[in-house]
Amino acid sequence: MMLALVLAASAGAATPDASIRTAAEALAPRLVETRRDLHMHPELGNRETRTGELVAQRLRALGLTVRHPVAKTGVVGVLVGGRPGPVVALRADLDALPIPERNDVPYKSVNAGVKHACGHDAHTTIVLGAAEVLAGLRKDLPGTVVFLFQPAEEGPPEGEEGGARLMIQEGVLDDPRVEAVYGLHMDPSLDVGDVGWAIGPIFASSDRFVIEVDGKKTHGAYPHTGLDPIPVAAELVQALQLVVSRQIDPQEPRVLTIGSIRGGNRFNIIAEQVTLEGTIRSLDAGVRTALRERIARTVAGVAAAHGTAARLRWFDAGNPPTVNEAALTRASVPSLERVYGKPRVREVKPQMGAEDFALLAERAPALYVKMGVRNEAKGITAMIHTEDFDLDEGVLPLGVRAMATLAWDFLARGGPAPPSLAPAKR
Ligand SMILES: [Zn+2]
Ligand SMILES: [Zn+2]
């Protein structure tokens, strides 16, 4: 079987699995080195100057056409294969989080209070590794691969543009026109050596909101001479949970969290104003719209009932759900099975976290996969976005093989297969 694949590859048809595997495994020590270098030097969204520079230099050294900086600090590398064919993109994100590093590891972050707590160091390393492996096989590559290194996935600083939205605005999917895009995330709920996929939503939509409830300051012993916004805010917290539990189909996943309430400055003074901040999540665009409309109605209505005003502001445009396209996903699962082995390729439930990859997935058929990084024996179990998060670096060469294989297979299929043909081709 392996021999047949190698022979077929030399004819330029099938994916050269053995060559990709050999190259990725030879690269393993350098992948670890790169990931640790990035991990030690984490940079926040829209400030990834060192990271972007490193990526751009590596891609140039591989002979790719490089665009840098794009969307502030991002990088796009284009690898044109020796054979004509379609265009596929692989996407990584560059940014770290304002979370201190608690792990005492040799590659501990040197930037105080900043850590790659979401594994984007590994995403960048893996997509760079895939670029290196595919560049080495360029002569037979049946099409073009666009490598997208995106800043500010965790959201740009307030008042700045950034992330996938700005990458799209700056045309990273347009020239060459990208026909499909693959993304990846580290997942500590899966063991290293496992990979997860889903058809349809894999991550939720996310919208961040701020509500300001007006009050009128007075002595706490004479509330009727002012207007107390604190009980109004408390009622609002309850009323918003009723939107979630009573007004949306129970079959539809959704979350509303108020994560912060601020108001007042002394125990016996009626507060001037209360500010609430929160987020909503859903897996469906219709539910997202319904939530947004009903939150607006509830905020205005509860405030009016108590003779005051409240203002609702959506923090930015938010993220839609991340949706894996059915035909692309079905056609791609066999690629993952060849890399990980069939029992390690798992259909997973969507999570209520969010990803701005969703915006790329709105513009081209997309598949976002989750790569296991958990290793109980090594004590690697912490969730992403925590001080303790780490990953089993065994994910790196496997991830490189997966991304390179997904891209090559897509090109070898000749582009997005018509849904009716997708299963039959395998
Ligand atoms: Zn994150
Ligand atoms: Zn992330």
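A salt bridge is taken here as a side-chain nitrogen of Lys or Arg within 4 Å of a carboxyl oxygen of Asp or Glu. The model is predicted, so local features need pLDDT of at least 70 and side-chain atom pairs count only at pLDDT 80 or more, while totals for chains, interfaces and linings use all residues. Residues are numbered from 1 along each chain as its sequence is written, chains are lettered from A and ligands numbered from 1 in the order in which they are written, and side-chain values use heavy atoms, with hydrogens and water left out.

The structure holds 29 salt bridges. One of them joins R102 to D388, with the closest N and O atoms 3.0 Å apart. R102 sits in the loop between β3 and α4 and D388 in the loop between β14 (366-374) and α10, so this pair links parts of the chain 286 residues apart. Helices (H or I, at least four residues) and strands (E, at least two) are DSSP runs, numbered from the N terminus. R102 is exposed at 52% relative accessible area, and D388 is partly exposed at 31%; buried means under 20%, exposed over 50% and partly exposed in between, with a 1.4 Å probe and protein chains only.

A second salt bridge pairs R91 with D356 at 2.8 Å, N to O. R91 belongs to strand β3 and D356 to the loop between β13 (345-347) and α9 (357-361), so the contact ties together parts that are 265 residues apart in sequence. Both R91 and D356 are buried. Strand β3 also carries R83, whose partner D140 lies in the loop between α4 and β4 (142-150), 57 residues apart in sequence. The D140 to R83 distance is 3.6 Å, N to O, and R83 is partly exposed at 30%. Elsewhere, R35, R36, D121, D390 and E393 are linked in a network of salt bridges.

The metal site comes next. The zinc ion (ligand 2) is coordinated by C118 (SG), H120 (NE2) and H185 (NE2), at 2.1 to 2.3 Å. Donors are N, O and S atoms within 2.8 Å of the metal (3.2 Å for Na, K and Ca); water is not among the atoms, so sites may look incomplete. C118 coordinates both this ion and the zinc ion (ligand 1), the two ions being 3.2 Å apart. C118 lies in the loop between β3 (83-93) and α4 (120-136) and H185 in strand β5 (residues 180-191), so the pair ties together parts 67 residues apart in sequence. C118 is buried at 5% relative accessibility, as is H185 at 4% relative accessible area.

Helix α10 (residues 395-412) has 18 residues and should span 26 Å at 1.5 Å a residue, which agrees with the 25 Å between its end C-alpha atoms. The expected span is 1.5 Å times one less than the number of residues. Of the 18 residues in α10, 17 are buried. G414, which follows α10, has a positive phi near 85 degrees.
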